[in-house]
Amino acid sequence: MTSRTKCVPAALVAAFLILTGPLAAAFRLPRPEKISLANGMTFYYLRTTDVPLVSFQLYIGGAGSAAEPAELEGGANLAADLLLKGTATMTADEVAEALEFMGADLFTSAAEEYVRVSLESLAEHFPRALEIAADCLMSPAFKDEEFRKERDRRIDQLKAIKDEPGQAVRYYFQKAYFGDHPLGRLSSGTEASLGRMSAQALKAFYEARYRPARTVGAVVGDIEKRALVALLERTLGKWRNPAGPTPAASLPPPPRPRGPRLVLVDKPDATQAYFVLGAPGYPMGDPITAAAQLMNTLFGGRFTSWLNTELRIERGLTYGASSAFRSWRSGGLFTATSYTKNDKIGEMLDITFGLLRKGSAQGFEAAEVESARNYIEGQFPPTLEANGSKAGTYVRLAFYGLGFDYYDTYLAKVAGLSPEEAKAAAAKLLPSSDFVLVVVGKSSEIRPLLQKFGTWQEKKVTDPGF
Amino acid sequence: MRPKAWSALVMVLVLAGGLGAAFGPADVKVHQLDNGLKVLLVEDHDIPNVALYTFFRVGSRNERPGLTGVSHFIEHMMFNGTEKFGPGEFDRTMEFRGGRNNAYTSLDLTAYTDWFPAAALEHMIDMEADRIQGLTFVPEVFESERGVIASERRLGVENDNDAILQENVRATAIMAHPYHWDVIGWMSDILSWRRDEVIAYYRTYYAPNNAVLVIVGDIDPAKTLALVERYYGPIPKATPPPPVTTAEPPQMGPKDVLIRKEAQTPSFHAVWHAPAFGQADFIPLFILEKPLLAGDSSRLHRRLVRDEQLAISVSGGMQPTLDPYLFEIFVKPRPGADLERIERVIDEELARIQADGITEAEFKKALNILRSDAYRELETIAGQADLLGTAEVLYGGWERAFTLVASYEAATRDEVREAARKVFQEMNKTVGKLVPEGGAK
């Protein structure tokens with residue numbers, strides 16, 4: 001039993017790892033060595049010896065949810081999970097037993113533009129753990145029985161999500177904002193899409209989409225280079241590209257809302273109302289990144305941000321309020337989110353809209369901008385401290401073609417940002433009239449407080465889907 | 001099921017000399033000020049940052065009816081102003097200097113966790129020392145923060161069916177000891193804490209002789225100790241807080257909790273009275289938790305989730321506490337699952353362990369998991385700071401951080417079986433079920 005002072009939304013932390021990160025002058029991302037396997041795969045490698053652990057990460061481009069057929073919504077994620085549920089030579093139980101016996105953690109998950117595989121292990125067990133990981137990646141069985149178990153578990157999880165309004169509001173938002181765009185596909189799938197799926201369809205998706213040619217990896221930890229190269233060659237080095245052309249992996253630009261779109265989801269037993277407000281962000285690697293991150297740090301990206309100050313610190317309306325950017329190759333998303341007891345949701349939204357207007361119209365004071373610069377710089381080194389953080393950074397930078405000097409440049413940019421540039425970023429990215437706003441709560445109590453914001457599309461949490 | 005925050009605490013740690021880690025007891029510089037403040041310093045220049053952790057020996061264990069949740073409330077108020085630094089100034093100053101912080105309150109302790117660039121060290125020491133006795137509890141700020149806590153409770157308990165059930169089960173299992181209530185406290189107490197009572201509580205528990213200061217990272221230990229002496233030295237020691245004397249009486253029979261509530265999915269939670277960290281059976285039970293509950297290959301995951309498909313997930317185990325607490329099993333049942341059947345499966349698996357113990361392979365697996373977890377915590381300066389402070393407050397001394405793995409290795413499979421025989425008895429058990437009702441309207 002533990003309670004914390006500050007809620008740290010997972011998404012916010014992830015955004016920092018992904019998008020932020022000026023380099024303190026004294027601290028730079030250590031440059032990795034490049035390892036090229038005979039089959040063309042590239043790995044980035046750094047030796048560290050502080051603890052006897054090794055971290056391994058891999059991105060498989062074009063195998064994520066944006067690449068799944070619309071009727072297989074959630075299929076990319078389910079396929080990624082099924083990699084660990086049996087191979088040509090091991091059953092699912094044997095895979096779990098072997099990895100857990102060694103204390104090794106192997107995770108697979110589908111993001112929108114890639115599938116991520118990560119492995120953390122004691123150095124002494126790393127060779128065996130990597131053999132198993134490679135087996136999972138190269139010869140997954142996609143057994144019907146395992147598929148059915150995982151699918152049924154997901155259908156049940158969707159119901160559990162609806163019991164938690166704080167989680168459910170994100171699912172409803174994703175659907176309301178992206179609609180039929182590939183970014184609108186829920187990684188969980190829907191009851192309808194899960195019902196349509198088959199092990200065969202996921203296997204076909206795997207066979208078409210998982211290719212060494214689209215894969216980049218990193219290894220950081222206590223392992224010698226020569227041993228690592230030999231290990232990689234005899235495991236993943238044996239992976240061959242399937243015959244046939246490489247399918248396209250491009251993501252169309254995300255939709256841009258025109259005017260306000262308001263959605264109210266009725267959850268009759270909720271004692272708090274939860275909102276997510278979203279608007280367009282910017283694509284990965286966009287020149288506005290540094291200014292946008294600094295602006296967001298001040299708007300909703302840290303504890304003393306405007307949003308958290310007004311909603312939590314000054315008024316005690318909520319335990320947490322925050323905003324964040326997410327970026328993909330073809331575009332991005334800005335979201336602001338919080339929650340409060342039912343009778344305060346109108347006040348909370350008034351304040352939020354007021355801050356959005358203030359950011360665009362007035363911008364930020366010089367002292368605030370200086371504080372945000374220091375904060376971004378000061379919080380950067382810990383994001384690269386652990387082996388897994390370094391490996392994740394190498395893979396991400398390589399995958400998006402940003403270069404290992406990306407954070408050096410980024411830091412230099414952040415350090416030189418002026419209040420005018422922060423205001424320009426706010427004017428461009430903080431929404432005024434074109435946005436999507438989703439509220440989950442007890443409609444009978446909150447509907448009257450929401451009417452002044454416009455016309456709401458109403459749903460019930462008990463309706464199928466999101 | 002969402003793992004609760006306590007899993008972080010459960011990570012008990014590490015390092016026997018034989019494990020070959022770069023971090024050992026010789027790296028820890030230990031000092032105690034005249035006013036009783038214990039100081040642990042570790043120099044580590046891998047990144048140009050510092051982790052400064054302050055642990056106070058106060059948690060919900062020290063509370064009483066009417067003041068439940070107050071330890072956690074004070075944790076929040078610690079950011080809300082002193083004579084020297086007004087409300088909000090701690091956070092504003094810290095973030096301006098590139099730092100970030102959080103804090104947590106558990107059953108037994110309250111910890112303040114600061115992460116900042118090395119150049120901010122003196123400012124942080126100044127502000128941390130100041131708030132040990134300087135809080136002003138400005139009435140308007142006090143009321144505003146009360147609202148924050150109420151929102152935190154609504155988020156974490158009242159809008160989360162699993163949490164509602166868990167709170168009920170723990171409060172039913174534990175009758176007399178202050179572990180009866182959760183750290184967040186009862187809503188009626190949150191809404192009615194009186195300022196003078198809160199201040200009296202703060203004065204009792206916030207004193208240098210009731211605290212441990214851990215500083216790890218890009219520091220010069222001698223200079224850092226001089227700063228600590230300068231800012232913390234003048235703070236007077238306080239009368240030591242009263243001991244917690246209430247002991248939980250033995251349970252006289254099995255207890256059941258049944259909640260009927262609007263929900264899409266049921267919830268399930270079972271607990272048994274279990275030993276405190278310092279008691280003999282703690283480590284065998286902590287080892288048992290791995291083959292029983294950790295990962296897809298664990299006995300209960302296999303039976304409940306994979307073979308019988310009764311559950312979406314299963315988790316739980318022991319947590320290190322100062323007084324005897326609980327062995328907990330959390331199950332997220334599938335909608336419509338037979339909750340009686342879930343209970344029977346758990347009973348069967350526990351009976352198997354009581355009869356035959358765990359296998360040699362399961363024992364080795366537990367040790368591998370515990371070693372991996374231990375090293376992972378040592379990867380970061382934050383992890384090292386948390387480990388040392390937790391060991392000092394909960395495990396009986398910071399040195400224990402370096403002998404825990406040896407303790408696990410010294411345990412035997414017989415001890416695991418014997419501990420299971422003692423703990424997993426009907427007389428010791430409380431089972432909670434939340435059954436969905438209504439829903440579609």
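Helix α10 (residues 282-293) of chain B packs against helix α16 (residues 413-423) of chain B at an angle of about 95 degrees, and their axes lie 8 Å apart. Axes are lines fitted to C-alpha atoms, for helices over the stretch in contact, and angles run from 0 to 180 degrees between N-to-C directions. The model is predicted: local features need pLDDT of at least 70 and side-chain atom pairs count only at pLDDT 80 or more, while totals for chains, interfaces and linings use all residues. Residues are numbered from 1 along each chain as its sequence is written, and chains are lettered from A and ligands numbered from 1 in the order in which they are written.

**The α10(B)–α16(B) pair**

- The two helices are therefore roughly perpendicular to each other, a label that covers angles of 65 to 115 degrees.
- From α10(B), the contact is made by B:Pro284, B:Leu285, B:Ile287 and B:Leu288; from α16(B), by B:Glu415, B:Val416, B:Ala419, B:Ala420 and B:Val423. Two residues are in contact if their C-beta atoms, placed from the backbone, lie within 7 Å.
- This contact divides into 8 nonpolar residues, no polar residues and 1 charged residue. Ala, Val, Leu, Ile, Met, Phe, Trp, Tyr, Cys and Pro count as nonpolar, Asp, Glu, Lys and Arg as charged, and the others, Gly among them, as polar.

**Chain B as a whole**

- Chain B has 16 helices and 11 strands; helices (H or I, at least four residues) and strands (E, at least two) are DSSP runs, numbered from the N terminus.
- A compact globule of 441 residues would have a radius of gyration near 22 Å, and the 22 Å of chain B agrees with this. The radius is taken over C-alpha atoms, and the globule rule is 2.2 Å times the number of residues to the power 0.38.
- The C-alpha trace of chain B spans about 60 × 55 × 40 Å along its principal axes.
- Of the 441 residues in chain B, 55% are buried, that is, 20 or more other C-beta atoms lie within 10 Å of their own, with C-beta atoms placed from the backbone.
- Among contacts in chain B with a separation of 6 or more, 82% join residues 24 or more positions apart.

**Domains of chain B**

- Chain B is assigned domain 1 (23-232) and domain 2 (255-436); domain bounds come from an automatic or database domain assignment.
- The domain centres, taken over C-alpha atoms, are 28 Å apart.
- Domain 1 brings 35 residues to the contact and domain 2 brings 31 residues.
- On the domain 1 side, α6(B) has the largest share, with 10 residues.
- That side divides into 20 nonpolar, 8 polar and 7 charged residues.

**Domains of chain A**

- Chain A is divided into domain 1 (10-238) and domain 2 (260-383 + 401-460), with centres 29 Å apart over C-alpha atoms.
- In chain A, 26 residues of domain 1 are in contact with 36 residues of domain 2.
- α1 (10-19) and α6 of chain A are the elements giving two or more residues to the domain 1 side, and α6(A) supplies the largest share, 9 residues.
- The domain 1 side divides into 18 nonpolar, 3 polar and 5 charged residues.

**Contact between chains A and B**

- Chain A contributes 65 residues to the contact and chain B contributes 76 residues.
- α5(A) gives the most to the side of chain A that touches chain B, with 9 residues.
- The side of chain A that touches chain B divides into 25 nonpolar, 18 polar and 22 charged residues.

Technical notes
Parallel < 35°, antiparallel > 145°, perpendicular 65-115°, else oblique. Buried ≥ 20, exposed ≤ 12 C-beta atoms within 10 Å, placed from the backbone.
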